Amino acid sequence: GIYEFTMGATGKKVKGRYSFIYVYEDGEWKINHHHSSIMPEGIVAGEPITKDEVRDLFQLWNGALATKDPEKVAARYSKKGVLLPTVSDTPRTDYPGIVDYFTNFLKLEPQGEIESGNIIVGTNWAQDAGIYEFTMGATGAKVKGRYTFVYVFEDGEWKISQHHSSVMPEGTNPKAITEEEVKNLFQLWNS
């Protein structure tokens, strides 16, 4: 038959199939054999994905950037997605926060390209981490950064669960200035 348990600690319900074999022993009925198994639809099967398909998930996100619509970009993130963005000190941990970040960032018209990365695939999750470079269409500026995308299979599609992006450390080092350049700056100021 089929039975259902309610877990007292959480209230979660679990359905299962069962069979009992009883024997009459010492004047009473006793369980001789009991089998119980979860219902087949309760088993979470892994959604297959290849490394190439994981890399294509970046292109879906990059394509959303190209729309310049912050809601389309935010829709690429899972329900509990986390964004640790490149040009903001504020972690974005919900849909409105992710929309807010991209509302400003998309004004730069960013388009990314992965230069190198490492992909790991698990059961209903995948990770892509490496180096990417953005070209800002609004200014032509190029920004190289480190990235990590963790994807999860949620509601029938792959979504970004965690996204961490940071500027390469060598991109933040101050540029040395020569004595001649300092004199020229003084002349510029003094004229």
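Mentor: Before we start, helices (H or I, at least four residues) and strands (E, at least two) are DSSP runs, numbered from the N terminus. The model is predicted, so local features need pLDDT of at least 70 and side-chain atom pairs pLDDT 80 or more, while totals for chains, interfaces and linings use all residues. Residues are numbered from 1 along each chain as its sequence is written, and side-chain values use heavy atoms, without hydrogens and water.

Trainee: Fine. Which strand gives the largest share of the lining of the largest pocket?

Mentor: E8, with four residues. A pocket here is an open set of points on a 1 Å grid over the protein atoms alone, where a 1.4 Å probe fits and protein lies on both sides within 12 Å along at least five of seven lines; lining residues have an atom within 4 Å of a point.

Trainee: What else supplies at least two residues of that lining?

Mentor: Helix H3 (95–105), strand E6 (125–136) and strand E7 (142–154) do, along with strand E8 (157–167).

Trainee: How much space lies in the largest pocket?

Mentor: About 180 Å³, where a volume is the space filled by probe spheres set on the grid points, joined across faces, edges and corners. Of its 19 lining residues, Thr 86, Tyr 101, Phe 105, Phe 134 and Ser 165 are the closest to the centre.

Trainee: How do the lining residues divide into nonpolar, polar and charged?

Mentor: There are 13 nonpolar, five polar and one charged. Ala, Val, Leu, Ile, Met, Phe, Trp, Tyr, Cys and Pro count as nonpolar, Asp, Glu, Lys and Arg as charged, and the others, Gly among them, as polar.

Trainee: Changing topic. How many aromatic pairs does the structure hold?

Mentor: 22. Rings of Phe, Tyr and Trp (its six-membered ring) pair if their centres lie within 6.5 Å; planes under 30 degrees apart are stacked, over 60 edge-to-face, the rest tilted. Phe 20 and Tyr 22 make a stacked pair, at 5.8 Å centre to centre with 20° between the planes.

Trainee: And why is the pair Phe 149 and Tyr 151 stacked?

Mentor: Because the planes of Phe 149 and Tyr 151 are at 10°, with the ring centres 5.7 Å apart.

Trainee: Are Phe 149 and Tyr 151 buried or exposed?

Mentor: Phe 149 and Tyr 151 are buried, meaning under 20% relative accessible area; exposed is over 50%, partly exposed in between (1.4 Å probe, protein chains only). Phe 20 is partly exposed at 30%, and Tyr 22 is partly exposed at 45%. Phe 149 and Tyr 151 also belong to one aromatic cluster, whose members include Trp 61, Tyr 101, Phe 105 and Phe 134.

Trainee: How many salt bridges does the structure hold?

Mentor: Eight, each being a side-chain nitrogen of Lys or Arg within 4 Å of a carboxyl oxygen of Asp or Glu.

Trainee: Which parts of the chain does the pair of Arg 55 and Asp 128 link?

Mentor: Arg 55 sits in helix H1 (residues 51–66) and Asp 128 in strand E6, 73 residues apart. Their closest N and O atoms are 3.0 Å apart. Arg 55 is partly exposed at 25%, whereas Asp 128 is buried at 0%.

Trainee: What about Asp 100?

Mentor: The side chain of Asp 100 meets that of Arg 92 in a salt bridge, 2.7 Å from N to O. Asp 100 is partly exposed at 41%, and Arg 92 is buried at 10%. Elsewhere, a network of salt bridges links Arg 76, Glu 157 and Lys 159.
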